Amino acid sequence: NTDEWEYWQPEYRYGAFYIFPPDDVLDLIGALRKKYDPKSDNICPAHISLSEPLQQPLTGELLAEIQKSVERFDPFEMIYGPIITFPPHPGVCFEVRPADRFFDLRGKLNTCSVFCGSDLSRKSIAPHITIAEFGLTFDESEELKTKLNKTVKGGSFFCASIEYAVP
């Protein structure tokens, strides 16, 4: 029933592409999300948003085009941390690097026909993994960032695949 959707949900009705960390990283970040932003945690597991939301259903033909566009992408190490704020929005997240490899992969996706006509408003958003965003003020975000950086360490994982999901 779409009558009960939140303001952001209609845009994601056809899903988007994400990088999901491996289970051990998901568990670590998931515990933080459950504690500091259960709303975000209930929407979608910890992830790195890779694409714009799709503006149409993902068909077999579109999926084949996307697979072809990224088939030559070589797996690469993604480093997450430290925890940062993400102006102009309140919240805290893990910084993710290397941004250049991420943007190369995002650029390959953005050339696919499923994104033709999209305004690509997220094309320059730096890679990050959100810990908390809903219900925080900017001051609370700064306080939480400082607190978490004293105890929570970053890490790394290999990005070897992208996944389609509907949050």
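A disulfide is a pair of cysteine sulfur atoms within 2.5 Å. A search of the whole structure, which is a predicted model, finds zero disulfides. The sulfur of Cys44 lies 15 Å from the closest cysteine sulfur, that of Cys159, so it is too far away for a bond. Cys159 is likewise in no disulfide, and its nearest cysteine sulfur is that of Cys44.

| Residue | Relative accessible area | Class |
|---|---|---|
| Cys44 | 6% | buried |
| Cys159 | 1% | buried |

The sheet comes next. Strands are DSSP runs (E, at least two residues), numbered from the N terminus, and two of them pair if DSSP finds at least two bridges between them. An open sheet is formed by four strands in the order β5-β4-β3-β6, with antiparallel pairing. Because β5 (128–132) and β6 (155–159) stand at the edges with a single partner strand each, one side of each has no neighbour in the sheet. On average, neighbouring strands are turned by 35 degrees against each other, direction ignored; the axes are lines fitted to C-alpha atoms, and angles run from 0 to 180 degrees between N-to-C directions. Five bridges join β3 (residues 76–86) to β6 in the antiparallel sense. Glu77 stands opposite Phe158 in β6.

Residues are numbered from 1 along each chain as its sequence is written, and side-chain values use heavy atoms, without hydrogens and water. Local features need pLDDT of at least 70 and side-chain atom pairs count only at pLDDT 80 or more, while totals for chains, interfaces and linings use all residues.

Conventions:
Buried < 20%, exposed > 50% of the residue type's maximum accessible area, 1.4 Å probe, protein only.
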